[in-house]
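Here's a quick tour for anyone opening this structure for the first time. Keep the 3D view handy and follow along topic by topic.

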Number of protein chains: 2
Amino acid sequence: MSESRRSFLKGTTKKAIAVTFAASTGPFIITARAAEPERKLDFALVGLGSLATNQIAPGLQKTKYCRLAGLVSGTPEKRKKWAAQYNVPEKNIYTYETFDQIKDNPDIDVVYVVLPNAMHGEYTIRAAKAGKHVLCEKPMEISAQKCQEMVDACKKANRLLAIGYRCQFVPYHLEMMRISREKQFGPLKLIEASFGFKIGDPSQWRLKQALAGGGALMDVGIYALQGSRYTSGEEPIEVTAFETKTDPVKFKEVDESIQWHLKFPNGVMANCSTTYNSNGLNRLFAGFDTGWAQLDPAYSYDGLQGKTSKGPMNFPQVDHFATEMDDFAQCIMQNKKSKVSGEEGVRDLKILGAIYESIRNGSKTIKLA
Amino acid sequence: MSESRRSFLKGTTKKAIAVTFAASTGPFIITARAAEPERKLDFALVGLGSLATNQIAPGLQKTKYCRLAGLVSGTPEKRKKWAAQYNVPEKNIYTYETFDQIKDNPDIDVVYVVLPNAMHGEYTIRAAKAGKHVLCEKPMEISAQKCQEMVDACKKANRLLAIGYRCQFVPYHLEMMRISREKQFGPLKLIEASFGFKIGDPSQWRLKQALAGGGALMDVGIYALQGSRYTSGEEPIEVTAFETKTDPVKFKEVDESIQWHLKFPNGVMANCSTTYNSNGLNRLFAGFDTGWAQLDPAYSYDGLQGKTSKGPMNFPQVDHFATEMDDFAQCIMQNKKSKVSGEEGVRDLKILGAIYESIRNGSKTIKLA
């Protein structure tokens with residue numbers, strides 16, 4: 001990458017390509033306002049597991065402003081396979097041991113952290129210290145404190161940090177936000193949000209407390225929490241939570257099923273639910289004064305469906321990861337904070353922490369700061 | 001009605017027409033096993049409001065074993081209009097003052113109480129004392145204690161009592177029970193159930209605490225509670241509830257929106273929700289080990305839809321009230337306790353009472369006996 005492009009990406013050039021999400025009056029439109037040739041940011045993926053393999057790498061191929069340029073993995077076979085498949089030069093490939101040398105590699109702009117939850121903090125902070133912008137998968141980390149350390153590290157390094165809250169870039173979810181913000185059906189009255197699935201392989205890291213920091217709630221319940229927050233447009237002030245384990249062997253270390261209840265300052269309540277032990281929960285419902293809106297399935301990678309009291313929603317299916325990465329690239333090019341910034345992750349982890357606190361205290365209602 | 005028929009209805013003749021609900025392997029089938037001529041029970045409706053007018057009287061016309069034979073109303077115009085419309089003889093028409101004389105009328109077998117909630121007890125007990133079987137609309141009354149008095153009065157009078165839990169006779173709901181009981185998708189893991197609507201006329205009795213005994217929860221939340229109970233097939237052991245009022249003027253006397261959480265002995269949890277201030281909530285979801293089932297709309301008078309992880313449910317739309325009344329007529333003819341007996345109403349009112357108790361105590365978890 002040329003030095004002039006690096007300066008540009010650091011925000012010295014403000015005139016840039018812009019992406020406008022115009023979801024307010026109809027189908028989601030992406031408009032490239034500038035006529036400049038496309039600029040692409042070079043991404044290095046840290047962690048080449050199933051999400052990176054099946055979603056993020058294919059998503060990168062569909063981006064306008066991003067390029068898969070680097071890899072970080074502890075597995076020689078993966079490094080070799082990926083290098084060949086995506087034509088990644090040897091000099092952009094790292095192990096976890098050599099990762100810090102990425103600071104000397106001007107060909108990597110962004111590090112995308114796709115590791116187990118409890119490793120997000122370490123690699124985000126190491127990437128920031130290496131001078132890279134960081135996109136980090138959700139959940140941001142396993143505690144709000146760790147999340148705050150990540151925010152601080154990126155701030156100190158003057159690098160941007162975004163969390164992989166892909167739904168916030170998806171037309172169906174943008175429509176839920178629009179309906180709520182613009183009061184198309186009047187004021188919001190209540191929310192129901194739930195996401196769960198039947199988890200397979202009992203040996204996977206998602207079922208290990210040390211790596212995952214929690215079970216269904218951390219992994220997929222967070223979508224229902226996010227959905228409640230961005231649909232309401234407010235921050236919850238109270239949470240009360242309930243847990244059950246119908247399979248205490250498989251879910252020895254992490255939560256199997258949690259239901260929780262949020263109260264927002266405007267009096268809106270949200271009933272939320274998550275599970276690792278049953279399929280079918282995949283919904284975001286908002287009831288308003290004069291109508292309602294619902295997504296179901298709401299949080300899948302593809303095939304979302306939505307409807308309102310007026311009829312079906314009809315939006316294109318976008319690649320969630322491509323859209324999320326292109327947005328972050330745009331933020332970097334414009335030196336603009338992402339709407340899914342690290343602070344957004346800190347807020348979620350505070351609430352997730354309060355949910356676990358409520359459960360530890362016999363479903364006591366926890367006041368949120 | 002002839003004396004022999006009365007004896008028969010009192011259970012002296014056990015061989016009777018039977019209705020079999022065979023929902024286990026496909027569409028809902030009603031089979032009249034006996035070749036005897038149809039016998040019809042004569043119903044008197046107490047309270048000629050909108051439910052009686054729009055649902056119950058038309059439903060009666062579709063029954064096999066029931067007949068609209070009597071009326072009780074305080075409004076002369078209504079008595080006159082109904083008498084003409086349904087060809088009801090003058091001798092079977094009562095006011096609330098003359099109602100007790102129904103004991104001397106052998107042409108009325110069943111009294112169907114369709115009054116405001118807080119009048120259910122009085123008229124059920126008066127009907128039982130007059131020697132009539134009683135079908136009483138939901139909610140059974142406004143307290144479990146009052147419900148128990150109704151059960152006791154009917155027992156003392158040796159009359160049958162059933163509550164208007166129409167959904168328990170509807171193929172879609174029977175299918176939810178069947179899937180759960182037969183473990184088609186393995187053990188039940190979790191439930192979500194919610195029913196609400198935007199209530200109109202602010203002067204109606206449903207918004208008066210003295211007549212309604214509560215708001216959305218008593219009127220429509222009870223469907224979500226019922227749905228959770230008959231889908232799980234167990235009795236909840238804990239309830240925690242949350243209330244909000246976004247319109248404290250309209251909902252000065254009764255609850256506007258309540259969300260509550262149930263825990264069942266087998267570890268299954270249910271998240272439930274009700275409101276009088278938004279449309280769209282009308283759902284019963286059950287997540288199992290290897291699949292799921294959902295009704296939405298679940299509780300409307302007509303047009304129910306259901307699906308499972310295997311595909312859409314496909315059942316005929318039945319008249320809920322006709323099916324409910326025919327079942328009660330069959331119970332009377334066979335001197336058999338209804339599956340929606342008074343005891344079922346007592347159980348619900350105990351739980352509804354615990355929901356209000358939880359709310360009064362800052363969403364404290366209430367243990368259920």
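This is a predicted model: local features need pLDDT of at least 70, side-chain atom pairs count only at pLDDT 80 or more; totals for chains, interfaces and linings use all residues.

**Around the axis and across the interface**

- On the numbers, 33 residues of chain B are in contact with 33 residues of chain A.
- Five strands of chain B each supply at least two residues of the side that touches chain A: β9 (188-196), β10 (238-244), β11 (257-263), β12 (269-275) and β13 (282-288).
- Sort that side of chain B by class and you find 20 polar residues, eight nonpolar ones and five charged ones.

**Chain A as a whole**

- Chain A has 10 helices and 17 strands.
- It runs to 369 residues, and 53% of them count as buried.
- Take the contacts in chain A between residues at least 6 apart in sequence: 69% of these join residues at least 24 apart.

**A helix pair in chain A**

- How do helix α5 (residues 144-156) and helix α10 (residues 342-360) of chain A cross? Their axes come within 8 Å, and the crossing angle is roughly 170°.
- Angles over 145 degrees count as roughly antiparallel, so α5(A) and α10(A) are roughly antiparallel to each other.
- From α5(A), the contact is made by A:Ala144, A:Cys147, A:Gln148, A:Met150, A:Val151 and A:Cys154.
- From α10(A), the partners are A:Gly342, A:Glu343, A:Gly345, A:Val346, A:Leu349, A:Lys350 and A:Gly353.
- The residues of this contact between α5(A) and α10(A) split into seven nonpolar, four polar and two charged.

**Cis peptide bonds in chain B**

- B:Lys138 and B:Pro139 are joined by a cis peptide bond, with omega at about -10°. You'll find B:Pro139 in the loop between β7 (133-136) and α5 (144-156) of chain B.
- B:Asp296 and B:Pro297 are also joined by a cis peptide bond, and omega there is about 0°. B:Pro297 sits in the loop between β14 (292-295) and β15 (306-308) of chain B.

**Positive phi values in chain A**

- A:Lys183 isn't a glycine, yet its phi is positive, near 55°. Look for A:Lys183 in the loop between α6 (171-181) and β9 (188-196) of chain A.
- Is A:Lys183 buried or exposed? A:Lys183 counts as exposed because it has 12 C-beta neighbours inside 10 Å, and the cut-off for exposed is 12 or fewer.
- A:Ser363 is another residue other than glycine with a positive phi, in this case near 60°. A:Ser363 lies in the loop between α10 and β17 (366-367) of chain A.
- What about burial for A:Ser363: buried or exposed? With 22 C-beta neighbours inside 10 Å, A:Ser363 counts as buried, since the cut-off for buried is 20 or more.

Notes
Residues are numbered from 1 along each chain as its sequence is written. Chains are lettered from A and ligands numbered from 1 in the order in which they are written. Two residues are in contact if their C-beta atoms, placed from the backbone, lie within 7 Å. Helices (H or I, at least four residues) and strands (E, at least two) are DSSP runs, numbered from the N terminus. Ala, Val, Leu, Ile, Met, Phe, Trp, Tyr, Cys and Pro count as nonpolar, Asp, Glu, Lys and Arg as charged, and the others, Gly among them, as polar. Axes are lines fitted to C-alpha atoms, for helices over the stretch in contact, and angles run from 0 to 180 degrees between N-to-C directions. Angles under 35 degrees count as roughly parallel, over 145 as roughly antiparallel, 65 to 115 as roughly perpendicular and the rest as oblique.
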